[in-house]
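Visitor: Hi! Could you walk me through this one?
Guide: Happy to; here it is.

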Amino acid sequence: MFFYDNVNELGVKKLHIEPTNRCNSRCPHCPRTNSISIKNSGIKELTLDLIKKINISRLTHVFMCGNYGDPILCDEIYDICDYFKDYDLNIDTNGSIRSSDWWGKLGKLFANTNSRVTFALDGLKDTNSIYRIGTDWDKIIDNVKSYISAGGNAGWQFLIFDHNKDQVEEARELSKSLGFKTFKLKRAIRRTNDTSIKFVNSGWASLENVYKKKKEVICRASKNNKTYKFYISCDGDVLPCCHWGGAYFPYKYKEIENCDFAKVVSDIDISLHTNSWENIVNAYQTKSKIMKEGWSNNDLPTCVTHCGTTKRDNNIVWL
Ligand SMILES: C[S@@+](CC[C@H](N)C(=O)[O-])C[C@H]1O[C@@H](n2cnc3c(N)ncnc32)[C@H](O)[C@@H]1O
Ligand code: SF4
Ligand code: SF4
């Protein structure tokens, strides 16, 4: 059975929330850097009041990362964290935002909970800002220290590039001495034609090739009938997952003309600004058939690309 067959009965268990489309950095292969849709959309940001429209009675996990911004820049991020702190919240950030006092407050809020911050640090003092352009290493380390010493649980995510590949061991040692709980390596994906950054691998295989190889789709928003996930974009749209979010935003803000799954959502008001959570979820329930048909006919390329069974092996190594 597919989640949307009986979404109301099952209830949403996991949320992926994109609090804002603002960022202080300009990572060359981030979808927001040089994005026309970011210019067209202007600032888009969630508020706690809007988030409170979501029925969280069966919620267990919350993930704040997204495609187009850094969650910590959202004006109401502290209150949103407070609201979700008991739901195994994970926030991804470049860490070079806000004062060390603010990070101390967040560390205190998360102390003795399962919630955590993943800091995206791609190298050390001399290399991190090669990709994380505009970030300040000393400020990041002050923020990390303040957060961890107040009791906050922190993870280090390291994207591997040619310019930092020899610093992995040193970074791992530093992560231990600073009190990070985890250190993870992630293969960097080449997403744009920018050539300023050298990759250690050929980057992302062309999406066309990935798509050709894939067959059966296993939807991660409803995997094993246990996940039951929704994604909320920075402008309040409710979509099944961040992959749809990543494609829908440039379509909505006129950077691209086509979107393969627009046919699924075109007759639903998916915005929490103008519709209720219950209405949106009910509307998705009526889309179960069209989604299943799309997967079996290879008619939903976004789904085949991200959730086809021949998806590339997990590129994350935990140390
Ligand atoms: C758009 S970012 C938003 C969250 C936050 N601003 C950050 O950078 O962690 C979403 C995720 O993409 C990752 N990311 C950025 N550039 C990447 C690349 N070239 N390859 C793989 N992941 C990348 C980030 O580290 C983060 O985990
Ligand atoms: S810090 Fe995150 S959101 Fe900001 S530009 Fe880099 S990858 Fe994108
Ligand atoms: S990309 Fe498609 S198949 Fe994968 S989680 Fe999203 S909706 Fe489900």
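Guide: A quick term to start: helices (H or I, at least four residues) and strands (E, at least two) are DSSP runs, numbered from the N terminus. With that in hand, helix 10 is followed by Lys254, which has a positive phi near 65°. This is a predicted model, where local features need pLDDT of at least 70, side-chain atom pairs count only at pLDDT 80 or more, and totals for chains, interfaces and linings use all residues. Residues are numbered from 1 along each chain as its sequence is written, while chains are lettered from A and ligands numbered from 1 in the order in which they are written.

Visitor: Which residues in helix 10 are buried?
Guide: Cys242, Trp244, Gly245, Ala247, Tyr248, Phe249 and Pro250. Buried here means 20 or more other C-beta atoms, placed from the backbone, within 10 Å of the residue's own.

Visitor: And what covers the buried residues of helix 10?
Guide: The cover includes strand 1 (14-17), helix 2 (36-41), strand 7 (229-232), strand 8 (238-239) and helix 14.

Visitor: Why does Tyr231 count as buried?
Guide: Because Tyr231 has 24 C-beta neighbours inside 10 Å. Tyr231 is part of strand 7. Leaving out residues up to four places away in sequence, Tyr231 touches His16, Leu239, Pro240, Cys241, Cys242, Trp244 and Gly245. Contact means C-beta atoms, placed from the backbone, within 7 Å.

Visitor: How far is Tyr231 from His243?
Guide: Their C-alpha atoms are separated by 9.1 Å, and the two residues are twelve residues apart along the chain.

Visitor: What surrounds ligand 2?
Guide: Cys23, Ser25, Arg26, Cys27, Cys30, Arg32, Thr33, Gly69, Asp70 and Asn94. That shell has three nonpolar, four polar and three charged residues.

Visitor: How many residues surround ligand 1?
Guide: 18, and the closest are His29, Asp70, Asp92, Ala120 and Ile189. Strand 3 (89-93) and strand 5 (153-160) are the elements that give two or more residues to the shell around ligand 1. Its classes are eight nonpolar, six polar and four charged.

Visitor: Switching to helix packing: at what angle do helix 4 and helix 5 pack?
Guide: Helix 4 (residues 77-84) and helix 5 (residues 100-110) pack at about 10°, with axes 10 Å apart. Therefore helix 4 is roughly parallel to helix 5, a label for angles under 35 degrees. Tyr78, Cys81 and Asp82 of helix 4 meet Lys105, Leu106 and Leu109 of helix 5. The contact has four nonpolar, no polar and two charged residues.

Visitor: What about helix 5 and helix 7, where do their axes cross?
Guide: The axes of helix 5 and helix 7 (residues 137-149) come within 7 Å and cross at roughly 30°. So helix 5 is roughly parallel to helix 7 too. Helix 5 brings Ser100, Trp103, Gly104, Leu106 and Gly107 to the contact, and helix 7 brings Asp142, Asn143, Ser146, Tyr147, Ile148 and Ser149.

Conventions
Axes fitted to C-alpha atoms, helices over the stretch in contact; angles between N-to-C directions. Parallel < 35°, antiparallel > 145°, perpendicular 65-115°, else oblique. Contact = placed C-beta atoms within 7 Å. Nonpolar A, V, L, I, M, F, W, Y, C, P; charged D, E, K, R; others polar. Near = placed C-beta within 6 Å. Buried ≥ 20, exposed ≤ 12 C-beta atoms within 10 Å, placed from the backbone.
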